[in-house]
Each structure stands twice: as C-alpha cells, then as structure tokens.
Amino acid sequence: MTELHDLPAHDLIAAYRQRKLSPVEVTQAVLAHIERWEPHIQATYLLRPEAALAQARASEARWLRGEPKGALDGVPSTIKENIATEGDPTPLGTAAVELVPAAADAPPAARMREAGAVIVAKTTMPDYGMLSSGLSTFHPLSRNPWDLSKGPGGSSAGGGAAAAAGYGPLHIGTDIGGSLRLPASWCGIFSLKPSLGRIPIDPPYTGRAAGPMTRTVADAALMMQVLSQPDARDSMSLPYQDIAWSQFNKGAERLRGLRIGLLLDAGCGLPVEPEVKAAVERAAKLMEAAGATIVPMAPFMTQAMLDGMDHFWRMRSHIDLQALPAARRDKVLPYIRTWADSAAGMSGTEVFNASHQFHLTRVNTVKACSAFDYVISPVAPNVAFQAELPSPTNDPLRPLEHIGFTVPFNMSEQPAASVNCGYTRSGLPIGLQIAGARFDDLGVLQVAHAFELIREPQRAWPQPPAA
C-alpha cells in the first residue's frame with residue numbers, strides 16, 4: 001500500500017473529492033516523514049508544521065463544504081527559497097543577504113496559494129543560486145536521498161532532495177542554466193524548465209524560469225495548469241494561453257513518427273561519463289522501438305560560448321559583490337568570491353564579447369534543433385557528486401563545465417525537461433533531457449510521459465535511515 005506522503009497529487013485530489021482522505025491527515029503524514037528524513041538531507045527552510053496544519057485544516061473545511069479553492073487544494077507542496085513568500089525573508093542561500101520580510105508573494109507562490117496548496121516549507125539553495133550543489137553559507141548542507149555522501153544538485157537543491165525523499169508531491173524550483181534539470185537528473189525525479197515566460201516570475205531575467213519538480217509528468221502537468229496563469233509583474237512573460245495541460249497523456253504512440261535528434265556530445269565542458277551515455281542511448285533505442293526516428297546530432301555549442309556566458313556572469317556577480325559592505329561580502333562562499341573576483345580585470349571589449357555569446361548560443365541552438373521535432377540528450381555529463389563540493393570540477397575558474405547540455409535551452413527560450421532514464425551500477429539516477437521547440441511545453445510533457453510508459457522499471461524511492 002502506498003504511504004500517504006508518496007501519493008501523487010492527482011490521487012490526493014481524487015481522494016479528497018471522494019472524502020476518502022483529508023488534507024489534515026495527509027499533511028500530518030508528510031510532516032512526520034520530513035521529520036524522519038530532514039536530519040539527513042537538510043532540504044528545507046522555514047519548515048513550520050503548525051502553519052502547514054492550519055492551511056490543511058482550512059482546506060479540509062473547504063472540501064467538506066464541497067468548495068475546493070483550486071486545482072491543488074490541500075496538496076502538500078514546497079517552494080524554493082528565492083521565490084518570495086509574503087512576510088518571509090529571502091536569503092538567496094547566502095549569509096551575506098540582509099533578512100528583510102518580503103512584501104508579497106512572487107507569482108509562482110501566489111498561484112500555489114490561490115490554488116489551495118498547503119505550503120509545507122521552502123527549500124534550500126546555494127549562495128545566490130550560482131552553484132549546482134547544495135553548498136550554502138546560510139543553509140545547512142543539503143544532501144541527496146539516494147546517497148547521503150552526494151549532493152542533490154542545484155541550484156534547486158532542496159527541491160530535488162525533497163521530491164526524491166517524498167516531502168509531498170509538488171515542488172517549485174528555478175532554472176537559469178540547468179538549476180531545475182540538474183537536481184532532477186541527480187535525484188531521479190521529473191522537472192520541466194518551461195519556455196521563457198510561460199510561468200510568470202519576479203524578478204525576471206534572461207533565461208530565468210520557474211518550474212515544477214515532481215516524481216511524475218502527471219503532477220508536473222497539474223502544476224502547469226496553476227503556475228502558467230498570468231501575472232503582470234513579469235515583463236518577460238508570454239501572452240496567456242489556455243493550454244490543455246490535462247492532455248499530457250497521449251500514450252506511447254505519441255512517439256510514433258517523431259523525428260528526434262540525439263545529442264551525445266555537448267561540444268564543450270566535461271566529457272560524458274560512460275554510464276550516462278549508455279543510459280541515454282538505451283532511452284533512444286526505446287523511443288525508436290516505439291516508432292520515433294532517432295537521428296544523431298553534431299554538437300552546436302562551443303567552449304567559447306560556455307566560457308563567454310561564464311565570464312559575463314562573473315562580471316555581473318563581481319559588480320554585485322563589490323557593492324556590498326566588506327563585512328557582508330566576506331560572508332559569501334569563498335568559491336563564489338574567487339569566481340566573481342576573477343573578472344575584475346576584464347576590459348569593456350572582453351565583457352561585450354562575453355555577453356555576445358548568449359546571442360550566439362541562442363542562434364546555434366534554434367538552428368540545430370529546427371530539423372527535429374524534439375531533441376534528447378543527457379541532462380548532465382556526470383551523475384551526483386560529493387555533497388561538500390561546490391561543483392563537479394571543484395574549480396572556481398572552471399565552474400560551469402557540467403551545464404553544456406542544459407544552458408543552451410535557457411538562452412533559446414525552449415522548453416526542456418529532465419526525466420529519469422536509468423541508474424549507475426552504484427544506484428545513482430541518470431536523467432534524460434527532452435527539449436522541444438519554443439512554446440511547445442505541452443508537447444515536451446507528452447513526449448516525457450510517453451517515455452515514462454516505455455522506460456525500464458524504476459527503483460523504489462529511497463527511505464530515511466533507521467533511527
């Protein structure tokens with residue numbers, strides 16, 4: 001029998017409607033499960049059981065009246081800490097930020113509340129979201145439930161760990177270069193980085209997206225119904241479209257006739273580990289057996305593109321850090337200070353050339369993908385790495401060598417998902433990235449769900465260590 005904390009959101013909503021379950025008992029079960037796991041993985045920020053139970057009791061009363069508030073009423077959820085929630089400080093993962101209560105919910109948080117979700121906690125992130133790990137000067141070190149010696153990835157570190165550990169079914173993260181998909185890959189869950197602007201976010205920024213982190217495509221599609229509602233605060237948001245998110249399930253036949261590009265070499269960064277490559281190749285063969293045409297792709301990224309984006313972000317962060325009082329600047333993770341300060345001597349020409357790589361990345365990505373309905377690849381060249389490390393290279397001058405497969409789709413504004421496609425011999429999850437054309441978010445969900453139906457059997461979710 002499935003434990004309450006493991007039930008997907010669709011099942012919970014159906015059980016609430018039929019009065020077979022109460023949001024209160026489900027929230028209690030999730031909180032008890034978090035209590036068992038949290039000392040080991042440290043995924044949460046502002047975990048407030050009484051506040052969560054108060055939300056659950058209000059939801060229970062609505063369901064008993066037959067008046068649910070929205071599509072997620074009573075479903076336990078978490079929100080990444082950089083998504084503002086009214087009255088709560090937003091530390092951005094670093095001890096350098098002054099803790100000032102947020103004046104209002106950011107758009108994704110507002111949509112979750114409007115839909116009746118029970119916000120159990122916020123989730124951790126590294127300093128300024130600039131790492132693909134759970135290493136932070138503000139939060140305790142977050143760890144991966146599959147292997148506590150490994151990190152969950154980042155920057156949506158706590159969200160990935162929370163979803164894998166069963167902290168309820170729904171979690172929201174953000175992504176500017178892979179920060180949804182990397183932890184999804186390394187924690188064995190599903191995530192969607194939507195088309196830029198599909199989910200309104202505040203503050204908006206080039207390539208920045210919020211998105212669902214769930215165990216299934218079905219739950220991500222349910223979240224998209226809510227998160228994609230319009231919000232005028234995002235100046236980069238798309239015009240609202242009434243997309244039929246409930247039509248995510250078109251079966252494995254959705255793959256039939258598709259022309260899918262297979263990208264096994266990012267053209268930059270770290271080489272793909274053999275077990276990762278083998279898992280993605282197996283996924284491609286399963287899709288081919290289901291009727292898709294798989295076409296090998298040549299790399300379209302270059303090291304110059306990746307380095308240019310890296311160097312521009314260094315300068316941006318250097319300027320931001322220099323604006324801080326020295327005492328606060330000294331609190332920033334040394335790795336990030338070293339990375340940012342390496343840009344101090346860049347000339348104006350060098351900064352311009354670095355910034356131009358964002359545009360070149362966009363052009364190359366769109367051009368390379370235009371010959372295909374969808375593109376599949378590894379999410380990352382590697383699997384989860386040591387929890388204490390800030391990045392796979394542990395080198396502040398080579399910090400982004402693992403995002404060559406993910407970052408191009410932030411810059412091209414295309415939707416891209418991570419779905420589990422296997423495990424290493426040691427039991428670490430491996431993610432398959434599925435990217436679609438700009439605006440084809442529903443299509444990416446449909447292809448990901450089709451793959452869920454044909455992929456190799458999934459392993460049981462990790463359980464908390466015995467007390």
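Which unit do strand 2, helix 4 and strand 3 make? In this predicted model, they make a right-handed β-α-β unit. Right-handed means that, with the strands pointing away from the viewer, the path from the first strand over the helix to the second runs clockwise. Helices (H or I, at least four residues) and strands (E, at least two) are DSSP runs, numbered from the N terminus. Residues are numbered from 1 along each chain as its sequence is written. Local features need pLDDT of at least 70, side-chain atom pairs count only at pLDDT 80 or more, and totals for chains, interfaces and linings use all residues, while side-chain values use heavy atoms, with hydrogens and water left out.

Strand 3 spans residues 118-123. Strand 2 (residues 76-80) pairs with strand 3 in the parallel sense, over five bridges. Pairing requires at least two DSSP bridges between two strands. Pro76 has Val118 of strand 3 as its bridge partner. Strand 1 (residues 44-45) runs antiparallel to strand 3, joined by two bridges. Here Tyr45 is partnered by Lys122.

Helix 5 (residues 157-165) is largely enclosed by the rest of the structure, because nine of its nine residues are buried. Among them are Ala157, Gly158, Gly159 and Gly160. The buried residues pack against helix 2 (23-41), strand 3, strand 4, helix 6 (181-187) and strand 6 (209-214); contact means heavy atoms within 4.5 Å. Gly166 follows helix 5 with a positive phi, near 90°.

Pockets were located on a 1 Å grid over the protein atoms alone. A pocket is an open set of points where a 1.4 Å probe fits, with protein on both sides within 12 Å along at least five of seven lines; lining residues have an atom within 4 Å of a point. Volume is the space filled by probe spheres set on the points, which are joined across faces, edges and corners.

The largest pocket has a volume of about 940 Å³. Its lining holds 43 residues, and Tyr128, Gly129, Met130, Arg208 and Arg316 lie nearest its centre. Helix 9 gives the largest share of this lining, five residues. By class, the lining has 23 nonpolar (Ala, Val, Leu, Ile, Met, Phe, Trp, Tyr, Cys, Pro), seven charged (Asp, Glu, Lys, Arg) and 13 polar residues (the others, Gly among them).

The second largest pocket holds about 360 Å³. It is lined by 24 residues, with Asp6, Pro8, Arg215, Thr216 and Trp461 nearest its centre. Strand 10 (residues 416-423) supplies the largest share, three residues.

Note on methods. Buried < 20%, exposed > 50% of the residue type's maximum accessible area, 1.4 Å probe, protein only.
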